[in-house]
Amino acid sequence: QSELTARLEAAPADDQARFALGATQFIIAVEHMAQSMYRHGLQPPRGLMQQFPFFRFPVPPNPAPEKLDYGKMRAIFQAMVDDLGKTEATLAKITAADVKLPIAIGLARLDLNGDGKADEGETLWRVLDSSLGGGNIPAEAVDRFIITFDRADVAWLRGYTHLLRALLEFGLAHDWRMGFDASFHMLFPGAQLPNALLNTLPPRPDDWFDAPSIADTIAFIHLMHWEVTEPERLKASLGHLESVVALSRESWGFILKETDDEAEWIPSPTQKNGVMPAATITQQTVDGWMVFLGEFEAILKGEKLIP
């Protein structure tokens, strides 16, 4: 990061370096949050892991997790908001249309547990695959898994930072302490949370029905009568969602103009070299997405209501 920053200071018009810096800042944001989750012993319940945004990091078990409380959890979310803001601020300055950034997802390493080392299990592809629900990237294809990000992906990544911040700001706008105290021991079983004693019965490897975790999830849902304590964050959340719509349209504008076909993250209907399995895009897909964006924008503006 420091090398790229120095390179930009020496050549402020170098959008290639700016793209690399923004991508690096995003990865660092992910790494910071993963380290926070490991620090407090994140271990989501089996079968429910993919249901919890921001708690999908494939971090190893922490034998000595630090104590977690509601204030620390909010601080972790705020740090992610700040890190993503830095990423978006960098990417927003890119004006060149021909930037490209090949990244060997299968070879890149992160320090998920904060021990200063990048172990074999701490690969970027594992984090990416986990965030997408798991099983999307075959293990045998990891070594040659390279994505060539381009100008369309600049807008996509900016939009993704806005989407994540919209969710985080919405949560931070409310007081959800009761839900946290009642249920977050299912995510952080060793972090000395108020109801951690409910974890005294260890789950069996062959037990698909994890009754305690299901009960904790239900408890959290029933306690979702949250009071708005920071209304300005709701305005920020709305602004982020509006940016998601605008940047999605911008991204597709660039995608549909592309004439190359090089390890595409999001291919156009005419590009056949998409890197993600089952990522076939047709014109009908694009048209449908544009209709969705129009509907979603009308909802955000209050012109339409959700039944």
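How are α3 and α5 oriented to each other, roughly parallel or roughly antiparallel? In this predicted model, helix α3 spans residues 70-91 and helix α5 residues 151-172, and the two pack with their axes 9 Å apart at an angle of about 155°. Angles over 145 degrees count as roughly antiparallel, so that is the label for α3 and α5. Their crossing is left-handed. On the α3 side, the contact draws on Arg74, Phe77, Gln78, Met80, Val81, Leu84, Gly85, Thr87, Glu88 and Leu91. Facing them from α5 are Val154, Leu157, Arg158, Thr161, His162, Leu164, Arg165, Leu168, Glu169, Gly171 and Leu172. Sorted by class, the contact of α3 with α5 comes out at 10 nonpolar, 6 polar and 5 charged residues.

Helix α8 (residues 231-255) and helix α9 (residues 283-300) have axes that come within 10 Å and cross at roughly 155°, which makes α8 roughly antiparallel to α9. Here too the crossing is left-handed. From α8, the residues that touch are Leu238, Leu241, Glu242, Val245, Ser248, Arg249 and Trp252. What α9 brings to the contact is Val286, Trp289, Met290, Leu293, Gly294, Phe296, Glu297 and Leu300. The tally for α8 with α9 is 10 nonpolar, 2 polar and 3 charged residues.

Turning to charge pairs, the model holds 13 salt bridges. One of them joins Asp260 to Lys100, with the closest N and O atoms 2.6 Å apart. Asp260 belongs to the loop between α8 and α9, while Lys100 is in strand β1 (residues 100-104), so this bridge ties together parts that lie 160 residues apart in sequence. Neither end is hidden away: Asp260 is partly exposed at 24% relative accessible area, and Lys100 is partly exposed at 29%.

Lys235 pairs with Glu232 at 3.4 Å between the closest N and O atoms; the two are 3 residues apart in helix α8, so about one helical turn separates them. Both are exposed. Lys301 and Glu297 also meet through their side chains, at 4.0 Å from N to O. In that pair Lys301 is exposed, with 53% relative accessibility, whereas Glu297 is partly exposed at 24%. Glu297 also features in the contact of α9 with α8.

Finally, Arg74, Glu169, Glu230 and Arg233 are linked in a network of salt bridges.

Key. Residues are numbered from 1 along each chain as its sequence is written. This is a predicted model: local features need pLDDT of at least 70, side-chain atom pairs count only at pLDDT 80 or more; totals for chains, interfaces and linings use all residues. Side-chain values use heavy atoms; hydrogens and water are left out. Axes are lines fitted to C-alpha atoms, for helices over the stretch in contact, and angles run from 0 to 180 degrees between N-to-C directions. Helices (H or I, at least four residues) and strands (E, at least two) are DSSP runs, numbered from the N terminus. Angles under 35 degrees count as roughly parallel, over 145 as roughly antiparallel, 65 to 115 as roughly perpendicular and the rest as oblique. A crossing is left-handed if the near helix is turned anticlockwise from the far one by less than a right angle, and right-handed if clockwise. Contact means heavy atoms within 4.5 Å. Ala, Val, Leu, Ile, Met, Phe, Trp, Tyr, Cys and Pro count as nonpolar, Asp, Glu, Lys and Arg as charged, and the others, Gly among them, as polar. Buried means under 20% relative accessible area, exposed over 50%, partly exposed in between (1.4 Å probe, protein chains only).
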